[in-house]
Amino acid sequence: MQSLDKNCLGPLRKAYCSSLNLLLRREAREFANELRASTKASRNPTVWLEGSGGSNQNVNNADTSQVSDAYAKMLTIFIPLLVDESSFFSHFMCFGVSALAPPGSPANGDKSNDDDLGIMDIDDNDTSTKKLEALNESLRDLLDGIQEDFYAVVDWAYKIDPLRCISMHGITEKYISGQKADAAGYVRLLLDALEGRITAQFTRFVDEACHQIERNERNVRQMGVLSYIPR
């Protein structure tokens, strides 16, 4: 690859990213659909106050842990795959910088893992920054859009049981912490975006629960396991 005309390298990178992006998105979409179809979980009603949902409605405390297990499986399968694809792309397409460097960081700031990753030493910081910017732009082309299938799993889990946002947030946070040393820059952004999506969904649930409390009389008896802060 290094012997190719540099003018040909740009179009080759774009063609590679476009083709692999379609493949990765198809695999993620099919895997997410299969996860949702194979996970049998009853939807938990979000009724926390007796009388707010009708006198004949019962609260179902069904086990929905398999929903967060499905989300964890999605991360377990695809995050290492995306990291590997990012690293391979960086080396194969001769960027000369590490795919594992997060956006905005110097590509050669930490050389402790250079021997393992086969990263070239770059002395010119300006050249290094330009190459890292080019790599991050290509990684966006390579992986952009795949986040939608992760979002779909999060939204599906939320509809089944909003409280699963707590466990999904913990899973994501643990994964972010465990992947600091070897997660590609764009994959880190994906994990951060997932964490933000989960937080937004749980905030929505809390807001709806607060509105439910405000709509009902003060003496309505609370149901479920969450204790609300007196307003």
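Guide: Here is the predicted model; the accessible surface of its protein chain comes to about 13200 Å², and 50% of that surface belongs to carbon and sulfur atoms.

Visitor: What makes the pair Arg-197 and Asp-155 a salt bridge?

Guide: The N to O distance between the side chains of Arg-197 and Asp-155 is 2.7 Å, and the cut-off is 4 Å between a side-chain nitrogen of Lys or Arg and a carboxyl oxygen of Asp or Glu, so the pair qualifies. This pair links distant parts of the chain, with Arg-197 in helix H7 and Asp-155 in helix H5, 42 residues apart.

Visitor: Why is Asp-155 called buried, and why does Arg-197 count as partly exposed?

Guide: Asp-155 has 18% relative accessibility, and buried means under 20%, so the label applies. Arg-197 has a relative accessible area of 30%, which lies between the limits of 20% and 50% and is therefore partly exposed.

Visitor: How do you know that Glu-27 forms a salt bridge with Arg-26?

Guide: The closest N and O atoms of Glu-27 and Arg-26 are 3.9 Å apart, which is within 4 Å, so this pair also meets the criterion.

Visitor: What separates Arg-204 and Glu-208 along helix H7?

Guide: Because Arg-204 and Glu-208 are four residues apart in helix H7, about one helical turn separates them; their closest N and O atoms are 3.4 Å apart, and they form a salt bridge.

Technical notes:
Residues numbered from 1 in each chain as written. Predicted model: local features only at pLDDT ≥ 70, side-chain atom pairs only at ≥ 80, totals over all residues. Heavy atoms only, no water. Areas by Shrake-Rupley, 256 points an atom, 1.4 Å probe, with all protein chains shown as cover. Helix = DSSP H or I, 4+ residues; strand = E, 2+ residues; numbered from the N terminus. Buried < 20%, exposed > 50% of the residue type's maximum accessible area, 1.4 Å probe, protein only.
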